[in-house]
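Trainee: I have the model open. Can you show me how to read its strands and rings?

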Amino acid sequence: MKTDAAGNMVWNKFFGGTDVDRGLSVKQTSDGGYILTGYTASSGAGLDDLLLIKTDSLGNAQWQNTFGGSGRDYGNSVIQSSDGGFVVTGYTLSYGAGGDDLWIVKTNELGNQLWSKTLGGAQSDVGNYLIETSDGSFVITGHTLSFGAGLHDVWLIKLASVIPVELVSFSASVIGNDIELKWVTASEINNKGFEIEKCLTQTPTKEEGFIDWISLGFVRGNGTSTEMNSYEFVDQNLEPGKYSYRLKQIDYDGSFSFSNIVEAEVFAPDEFSLEQNYPNPFNPTTVISWQSPVGSHQTLKIYDVLGNEVATLVDEYREAGRFKVEFYASNLASGLYFYKLTAGNYSATRKMILMK
């Protein structure tokens, strides 16, 4: 509800669905609009999810996001930070050490989560209010049952550093039908590792909020380190198209932060090609690669010198792209073999040598 200086209502707005939806904190933003936090049981991932709503100056919703897991998660206080994004504190039952853990969530200007952090022990620990200080840190007050002298002790916290890992580079490069991700850290503090995420939308936009992310895998970190560390991950056998990736760096206490987003595009080949296997000669494993500019039913078969078929590696329809398969020949005798690719009207044969 918006009032004039005398308390007379100017306008009012409603937000929510068929279940409980509550607003617990509101601040005016730099553009004259408003940012609200609270919780919702009408949408989200769990019982109650932290709710963040941005409106214009007339209270019309510009975007709305929820944060949380399978438990109850609440936002008690929200501010707009100096970088134009938003910071919320409250508590979570979905993450942390147990019971209610104090929870801080940082977003960008569109409400997309950049990082979150939990603080607390096995009992109830709640954040009720926060401010940003002149040095860019955040000061939070609330209460704790896990620490202190009594039942509920006042808890005052200053976050000197909220991002435990200094990421100095993150890049993506295309190798055939694979995309190789590489990143380097200058230092690490309590770094459990990196979850690699890919966006299901090939060309995500700010308006979409980057919400369609899936996890591809996890790369273990180096804990606490003052040295530069290099990491890599390969997303294999991709269809032609543009792909977006980000890193979710996870601390040992469950806190996490997101990297910037990198993009790479896999292009469809413009001609058929069957490559020489590698290694060659081989014992007992080799890799055969080929490319196809169109989708077709493809077969890849192995023959001995008498023309007898000894193995079928591929016999299926495949879209246009670049492919590779591993041939394991431990049950075959040493000697000369042939591999033949048939794709539509295209056919090619190459020699390879098994040397045991």
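Mentor: This is a predicted model. Take S3 and strand S4 (residues 34–40): they pair in the antiparallel sense over seven bridges.

Trainee: What holds strands of a sheet together?

Mentor: Strands of a sheet pair through backbone hydrogen bonds, either parallel or antiparallel.

Trainee: How many strands form the open sheet, and in which order?

Mentor: Four, in the order S3-S4-S5-S6, with antiparallel pairing. Strand S3 (21–28) and strand S6 (61–67) stand at the edges. Each has a single partner strand, so one side of each is left without a neighbour in the sheet. On average, neighbouring strands of this sheet are turned by 20° against each other, direction ignored.

Trainee: Now the rings. How many aromatic pairs are there?

Mentor: Rings pair if their centres lie within 6.5 Å. The count comes to 14 aromatic pairs. In one of them, phenylalanine 272 and tyrosine 346, the ring centres are 4.6 Å apart and the planes stand at 5°, so the pair is stacked; the cut-off for stacking is under 30 degrees.

Trainee: Where do phenylalanine 272 and tyrosine 346 sit in the chain?

Mentor: Phenylalanine 272 is in the loop between strand S20 (262–266) and strand S21 (273–274). Tyrosine 346 is in strand S27 (residues 346–354).

Trainee: Is phenylalanine 272 buried, exposed or partly exposed?

Mentor: Partly exposed, with a relative accessible area of 25%.

Trainee: Which charged end sits over the ring of phenylalanine 323?

Mentor: That of arginine 318, 5.0 Å from the ring centre. Likewise, arginine 246 lies over the face of phenylalanine 258, at 3.8 Å from the ring centre.

Technical notes
Residues are numbered from 1 along each chain as its sequence is written. This is a predicted model: local features need pLDDT of at least 70, side-chain atom pairs count only at pLDDT 80 or more; totals for chains, interfaces and linings use all residues. Side-chain values use heavy atoms; hydrogens and water are left out. Rings of Phe, Tyr and Trp (its six-membered ring) pair if their centres lie within 6.5 Å; planes under 30 degrees apart count as stacked, over 60 as edge-to-face and the rest as tilted. Helices (H or I, at least four residues) and strands (E, at least two) are DSSP runs, numbered from the N terminus. Buried means under 20% relative accessible area, exposed over 50%, partly exposed in between (1.4 Å probe, protein chains only). A charge sits over a ring if NZ of Lys or CZ of Arg is within 6 Å of the ring centre and within 35 degrees of the ring normal. Two strands pair if DSSP finds at least two bridges between them. Axes are lines fitted to C-alpha atoms, for helices over the stretch in contact, and angles run from 0 to 180 degrees between N-to-C directions.
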